[in-house]
Amino acid sequence: MSNNTLCLFKILNNYYSCNNKFMHNNYWRSNLKIVSILLAIWFLVSFGFGIIWSDFLDQFQIGGFKLGFWFAQQGSIYFFVLLIFIYIYLMNKLDKKYKDNTEK
Amino acid sequence: MDTQLLTYIFVGVSFALYIGIAIWSRASSTNEFYIAGKGVHPIANGMATAADWMSAASFISMAGLIAFLGKDGSVYLMGWTGGYVLLALLLAPYLRKFGQYTVPDFIGTRYYSHTARLVAVICLIFVSFTYVAGQMRGVGIVFSRFLEVDINLGVIIGMCIVFFYAVLGGMKGITYTQVAQYCVLIFAYLVPAIFISILMTGNPIPQLGFGDTLINTDIYLLDKLDKVTSELGFNAYTENTKSNMDIFCITAALMFGTAGLPHVIVRFFTVPKVSDARKSAGYALIFIAILYSTAPAVSAFARMNFIDSVQEVQYKEAPSWFKNWESIGLIAWKDKNNDQLIQYSSGNALEGIKPKFTNGTGSSGERLIINKPDITNSNEVYIDRDIMVLANPEIAQLPGWVIALVAAGALAAALSTAAGLLLVISASISHDLLKKTFMPQITEKQELFYARCSAAVAIFIAGLFGIYPPGFVAQVVAFAFGLAAATIFPALLMGIFYKRLNKEGAIAGMISGLLITSAYIVNFKFINAQMNSSDNWFLGISPEGFGFVGMIINFVVALVVSYFFSRPPDDVYQMVDKIRQP
């Protein structure tokens, strides 16, 4: 291999690994963003509606349930399931986007 | 056919099924023994995780506890489901990406230290044995009530079954057995709940039924329950008695503990891909939520039915379930006002709470009790909360096959959890202690042999716990959660999300979390049990919720100590970078 090609190879290599690193950081940042938003909702529906503001919400009624009681014993659980599936959906989308970008 | 015979048939058939699956799917390599060869479909893994997760405490005790705690019982519902969100979002995908066998594997590698691995193994064994002790008592209760065998014999039969499929099948055998066990237990939980919901409210969906009106009236069930419970001197059913601070901490301890339970985490090592780990957590929570959203309905029905069917009833005419449970000592009646009627209200019926029976019977035919009656209240009934789910079908006068089904379901719940825990214990001994620490020269075949031996020893110890049971099922289990929250969860979380954390910080954090949490719990539960009231608690936080404080202490200690020592080596940084990538 001539000196020139070796040099070119090195530059390209550097460029790609740097680009890769950049991509990873981006991926990680988007991931953190998704996780923190979902965890904020997680906190709100359980610790918030089910505990801290539960007594306040109890003045509203849906069917035979007081709202605070419903969140504590039913609603929070349904939201948890929903949150995980939203996470699965968003992460699969992010994985795909990242994969497409690195293959280009 | 009578209920007894049906129960034998249901339990016998389900046991035969579990053994059949174990033989069909036995493990032949360490990879299969520890993580089922990473070949488990996410839905199957979700079911197995759900069965692994839903223990005797979930199946037998939880609805009973909530029936008597009312809204305070929400801590268990939110605490034992919310942890899955943490698992799915913060741990499962990264640990799967790391791709090793055990939880201490991750901690040992991430904190580049045998000491960290050993501390993790100690925490893990501590947590798992506390948890397994709870399961065995569940097995004992079911056997003694429904099959009328001695509790000890019941425990031994249960141990033999678990021994067979855990030792033979390893993770692979356990996973497929758990899929079957999930089906049995969820069916057994839903059928009586649906029946009772229809009987009481006319609504076939229990989750909606307990917010519905009582049949042929326009009174909401929960309103009626609030009224009846307050009239009897209890707190209204839909109101809290504990402080918000305490409820917050207990819920948090249970959630973070769930996310730190090794036997749950290891399930996400068994799927083929990282994206499957996320999916598994989602499916697992759906399967769990089916039971957990039904449980509070069962609780409300059970409390209502219980009061309706015994209040002001002559003992001689009391329903047969009342006498059946009395005969094994989990219900007791002391006729304080000598009117031959059963009166149930708030307060302890007896001094010393738990009844001690003599051989004699009283004038109405009730079992006589040595304890003096507690004269500060007029309650005449002692009832063990653990029996509510099991007694519920009888209380609602459902057919015999439903009762038999519930017995089989309860056994499935207890056995599946016990097996999962025993496997985690055996893997941490054979893999983390022997192969990775003390005997690195052993071959895979020898490691597999040691794994099976340690599973056998663990089963034996668990059996002893079942024969000499420590306290309430749910209370013992709460201890395990506190410890998992205070030790394992922070180490895993910071391991993934904070690269700068070094081994000194992680070890100091885990040890301080372990020591402070267990000191607090042991102090209030065992040494100074008479001091166990909110006046003496730290910031009004009960021992059940102290794991959350332990977790915060762990974080703080780890970060502070870490600051004074050098940063982790470069290969650890690279490893963390790698598990963060898709």
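**Exercise 1. Which residue forms a salt bridge with Asp95(A), and how far apart are the closest N and O atoms?**

*Solution.* Keep in mind that this is a predicted model.

- Step 1: Start from the general idea that side chains of opposite charge can pair when their charged atoms come close.
- Step 2: Look for the partner of Asp95(A): it is Arg278(B), with the closest N and O atoms 2.7 Å apart. The cut-off for a salt bridge is 4 Å, so the pair qualifies.
- Step 3: The structure holds 6 salt bridges over all chains. Arg278(B) sits in helix 13 (residues 274-310) of chain B and Asp95(A) in helix 3 of chain A, so this pair joins two chains.
- Step 4: Count at the boundary: the rule finds 1 salt bridge across the interface of chain A and chain B.

**Exercise 2. Describe the interface of chain A and chain B, going from its area to the elements that build it.**

*Solution.* Let's take it in stages.

- Step 1: Contacts link 41 residues of chain A with 51 residues of chain B.
- Step 2: Together the two chains bury about 3900 Å², and 72% of that is on carbon and sulfur atoms. Of the area that chain A buries against chain B, 16% comes from Trp28(A), Ile51(A) and Gln73(A), more than from any other three residues.
- Step 3: For polar contact, the rule finds 6 residue pairs across this interface, with both residues at pLDDT 80 or more.
- Step 4: On the side of chain A that touches chain B, helix 1 (3-52), helix 2 (54-57), strand 2 (65-66) and helix 3 (67-103) each supply at least two residues. Helix 3 of chain A gives the largest share, 18 residues.
- Step 5: Sorted by class, that side of chain A has 24 nonpolar, 13 polar and 4 charged residues.

**Exercise 3. Which residues make the nonpolar surface patch of about 580 Å²?**

*Solution.* 

- Step 1: The members are Phe43(A), Leu44(A), Ile52(A), Trp53(A), Phe56(A) and Phe60(A).
- Step 2: Assign them to elements: helix 1 of chain A gives the most, 3 residues, while Phe56(A) belongs to helix 2 of chain A.

**Exercise 4. Where is Phe357(B) found, and what does Phe357(B) touch?**

*Solution.* 

- Step 1: Phe357(B) is in strand 4 (residues 357-361) of chain B.
- Step 2: Leaving out residues up to four places away in sequence, its contacts include Glu326(B), Ile331(B), Arg367(B) and Ile369(B).
- Step 3: Check one of these by distance: Arg367(B) is 10 residues away along the chain, and its C-alpha atom is 6.8 Å from that of Phe357(B).

Key. Residues numbered from 1 in each chain as written. Chains lettered and ligands numbered in written order. Predicted model: local features only at pLDDT ≥ 70, side-chain atom pairs only at ≥ 80, totals over all residues. Heavy atoms only, no water. Contact = heavy atoms within 4.5 Å. Buried area = accessible area lost by both parts, 1.4 Å probe. Salt bridge = Lys/Arg side-chain N within 4 Å of Asp/Glu carboxyl O. Polar contact = N/O pair within 3.5 Å; in protein donor to acceptor, adjacent residues only side chain to side chain. Helix = DSSP H or I, 4+ residues; strand = E, 2+ residues; numbered from the N terminus. Nonpolar A, V, L, I, M, F, W, Y, C, P; charged D, E, K, R; others polar. Patch = residues over 30% accessible without salt bridge, like charges linked within 9 Å, V, L, I, M, F, W, Y side chains within 5 Å. Areas by Shrake-Rupley, 256 points an atom, 1.4 Å probe, with all protein chains shown as cover.
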